[in-house]
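Hi everyone, thanks for making time this morning. Let me put the model up on the screen, and then we'll walk through a few of its charges together.

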Amino acid sequence: MSLAVEKLEGSMAELTITVPAEDFTKALKGAYNKSKNKFQMAGFRKGKVPMAYIEKMYGPEVFYEDAANDLINQTYPTEVDNCDLDIVSRPEISVSQIEKGKDFIYVAKVAIRPEVKLGEYKGLEVEKADVSVSDEEVKAEIEKTRKENGRKVTVTDRPAKLEDEVKINFEGFVDGVAFDGGKGEDYALTLGSHSFIDTFEDQIVGKNIDDEFDVNVTFPEDYQAENLAGKAATFKVKLLSITETQLPELDDEFASDVSAFDTFAEYEEDTKKTLELRKKDAAAREKESKCIEKLIEASEMEIPEPMIALQQERMLEDFDMRLSYQGLKLDQYLQITKQSREDMMEQMKPDAITRIKSSLVVEAVAEAEKIEVSDEEVEEELKKMAEAYQLEVEKFKELAGEKELDSIRRDLKNRKAVKLLAENAKEV
């Protein structure tokens, strides 16, 4: 086995990998053994046709593709580990020599981590965030908690009003004809939530239980169902029930129910402190992000397209996983939004480039500052992660493997670099 490396312009490289002829012969034999049951010839039982007979009938190339794929899958990872390149893309494979009795030679064109001409990273100027908390913000936070602790009460003695939860039967018509998806029974709707189109909810306000009435609306021009977009519609509605949320009084009893404090004054003060801490944490993260943005602007780097493409793929895979948590598949989402995978990849490209550049400049700072991470720091991080997964540390290490441990060390190093940027920045 031999490997030749040629660096190209634009942070690209070609790896020429030569596999000895005897290994190619073994791969051909393996390809034959895998597929021999597919061949039938007079005088031979199925799966018993000799390899030489098959090659004579279909040509020696009949097993080339399978043999080549097997050899590439076997040899490429090993050769990549043995070379000193930091490869950041999937390989673009081309076969340069494939012939029975000869060495098998293929070329893998890859992107390599680009060099970064790092700008001045100490003293970056970023806008100072306002972390003060107003009385209005405190009141809004308390009101949110108050609503969460409200009591649902059925209403029978008044018409519906905004913020009530109602249950309705409805059926929609366009030009007097009912349309698909326009019917619902015993449907729960919070008035003022704007979950229904146009002024639908507003037209329920003032109606009483058992009232039957028409609601007239117009679908938006960009409505997802093209047959309804921009159309005027009439919904036949019956109001079945009204429920209101009765809110607790803002007093000491409320404070003791929702917090560890005995008085409302103490609870109010703690709410303010909590909001201040929340704002300070958000401001610290925002400061770090702004520092990275400023450093990207001050630095120079050329990002190879295959590196961007790999980042786009990873982002799409991550999006697909998040959709699955909601019980939706990517293909279903694409069908609903009338997009293709290529459309989504293109939409993700600017963010993919930003992520790559962010990673590159942070890693460059870590290298410039010769930042190190101790074994104790790695061990502490492992403990946190193991605890999150409810595993013993040693078991987590075993499952993680060496590559994951290297990734954790690299992540800790990058965190230190980002912290250094923020600590040395000037707030203006």
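Before going on, a word on the ground rules. This is a predicted model, so local features need pLDDT of at least 70 and side-chain atom pairs count only at pLDDT 80 or more, while totals for chains, interfaces and linings use all residues. Residues are numbered from 1 along each chain as its sequence is written, and side-chain values use heavy atoms, leaving out hydrogens and water.

Back to threonine 271, which lies in helix α6. Helices are DSSP runs of H or I with at least four residues, strands are E runs of at least two, and both are numbered from the N terminus. Setting aside neighbours within four places in sequence, threonine 271 is in contact with Val138, Glu141 and Ile142, where contact means heavy atoms within 4.5 Å.

Helix α6 spans residues 264-298 and also holds glutamate 266. Glutamate 266 is partly exposed, because its relative accessibility is 39%.

Now the salt bridges. Side chains of opposite charge can pair when their charged atoms come close. With a side-chain nitrogen of Lys or Arg within 4 Å of a carboxyl oxygen of Asp or Glu as the criterion, the whole structure has 25 salt bridges.

Which partners does arginine 158 have? One is aspartate 164, at 2.9 Å from N to O, and aspartate 164 counts as buried at 1% relative accessibility. Another is glutamate 244, with the closest N and O atoms 2.7 Å apart.

For contrast, let's look at helix α11. Aspartate 411 and arginine 415 form a salt bridge at 2.9 Å, N to O. They are four residues apart in helix α11 (residues 393-423), so about one helical turn separates them. Aspartate 411 is partly exposed at 35% relative accessibility, and arginine 415 is partly exposed at 42%. Elsewhere, salt bridges with shared partners join Asp86, Arg113 and Glu363 into one network.

Key:
Buried < 20%, exposed > 50% of the residue type's maximum accessible area, 1.4 Å probe, protein only.
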